Amino acid sequence: MLELLAKNWAWVLVRGIFTIVFGAMAVFWPGITLYVLVILFGAYAIVDGVSAIAMGARRSSGRGLLILIGVVGVVAGLVVLIWPGMSALALLYVIAAWAIISGVGSIMSGFALSRDAGGRWLFVLSGLVGVVLGILLLFNPGEGAVALVVTIGFFAIIWGFFTVFTAVRLRRLAKELDARQDFTDF
C-alpha cells in the first residue's frame, strides 16, 4: 500500500491542492449563493473522486477501497450538479456523507501503512478532519448557508494542507524507494 501511494504521490498532491482551493474560495467569498456552492462542491467531488479512482486503478490488488471512495465522490458530485436546486439541507447531508466516507477511507489507508509511521499519522489525521466535518454538518443542520460555506471552507483548507503534507512525504518516500531499486539493480 505504501509503495502504491508513494508512486502516486502526485495524485495525492492534486487532491490536496483542489481541497485547499475549494476551501479558500468558500472562506474568502462567504456571500456566494448556495447555487454556486453546489456547483463548486459538485466539481470538487468529481475531481477528487476521479483522482481516487485513478490511484485505485493503478493498484494491482486490494484497490477496492480507493475505487469505492472515488465512485462515492463522483456520484456525490454528479447528484449535486444534476439537481442544483436541491435544498440546503439535502446538500448538507450529501456533503456530510461524502466527508465521513472519504475520511474513514483515509483513516483506513493510514492504518494500512506499515512502513511509514510519519505518513500514517498524516493520513489518519486528515481522515479524522473529514469525519469531524461530516459529523458537525450532520448535527448542526440549522446553520445558515454562509456559515455552512465558511465551515466547509475551513475544514477543507485544513484537510487540504494535511493532504499536501502527506503528498510531500510520499514523494520523498518514492525517491527513497527508487534509490533502493536502483541500488538493487546493480
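Trainee: Which residues of the largest nonpolar core touch the most other members?

Mentor: In this predicted model, that core has 24 residues, and Phe22, Phe41, Leu91, Trp98, Leu137 and Ile152 touch the most other members. Two or more residues each come from H2, H3, helix H4 (64–82), H5, helix H6 (117–139) and helix H7 (145–184). Apart from this core lies another, of 14 residues, including Leu2, Leu4, Leu113 and Ala174.

Trainee: What is phenylalanine 22 in contact with, leaving aside its neighbours within four places in sequence?

Mentor: Phenylalanine 22 is in contact with Leu37, Leu40, Phe41, Tyr44, Ile152 and Ala156. Ring pairs also link Phe22 into a cluster with Phe41, Tyr44, Trp98 and Trp159.

Trainee: How many aromatic pairs does the structure hold? And what makes the pair of tyrosine 44 and tryptophan 98 edge-to-face?

Mentor: The structure holds 6 aromatic pairs. The rings of tyrosine 44 and tryptophan 98 have centres 5.5 Å apart and planes at 85 degrees. A pair needs centres within 6.5 Å, and an angle over 60 degrees counts as edge-to-face, so this pair is edge-to-face. Tyrosine 44 lies in helix H3 and tryptophan 98 in helix H5 (residues 88–112), so the pair ties together parts that are 54 residues apart in sequence. Both tyrosine 44 and tryptophan 98 are buried.

Trainee: Why is the contact between arginine 15 and aspartate 48 called a salt bridge?

Mentor: The closest N and O atoms of arginine 15 and aspartate 48 are 2.7 Å apart. The cut-off is within 4 Å, so the pair is a salt bridge. The structure holds 1 salt bridge. Arginine 15 lies in helix H2 (residues 9–28) and aspartate 48 in helix H3 (residues 34–57), so the pair ties together parts that are 33 residues apart in sequence.

Trainee: Why does arginine 15 count as buried?

Mentor: Its relative accessibility is 16%. Buried means under 20%, so arginine 15 counts as buried. Aspartate 48 is buried as well. Leaving aside neighbours within four places in sequence, arginine 15 is in contact with Asp48, Ser51, Ala52, Met55, Ile69 and Thr163.

Trainee: How do you know that the buried residues of H2 line one face of the helix?

Mentor: The buried residues of H2 are Val12, Arg15, Gly16, Thr19, Ile20, Phe22, Gly23, Ala26 and Val27. Seen down the axis of H2, they fall within an arc of 165 degrees, so they line one face.

Trainee: How does the reach of H2 compare with what is expected?

Mentor: H2 has 20 residues and reaches 28 Å from its first C-alpha to its last, close to the 28 Å expected at 1.5 Å a residue.

Technical notes. Residues numbered from 1 in each chain as written. Predicted model: local features only at pLDDT ≥ 70, side-chain atom pairs only at ≥ 80, totals over all residues. Heavy atoms only, no water. Salt bridge = Lys/Arg side-chain N within 4 Å of Asp/Glu carboxyl O. Helix = DSSP H or I, 4+ residues; strand = E, 2+ residues; numbered from the N terminus. Buried < 20%, exposed > 50% of the residue type's maximum accessible area, 1.4 Å probe, protein only. Contact = heavy atoms within 4.5 Å. Phe/Tyr/Trp six-rings, centres within 6.5 Å; stacked < 30°, edge-to-face > 60°. Expected span 1.5 Å × (residues − 1). Arc of directions from axis to C-beta. Core = buried A, V, L, I, M, F, W, Y, C linked by side-chain atoms within 4.5 Å.
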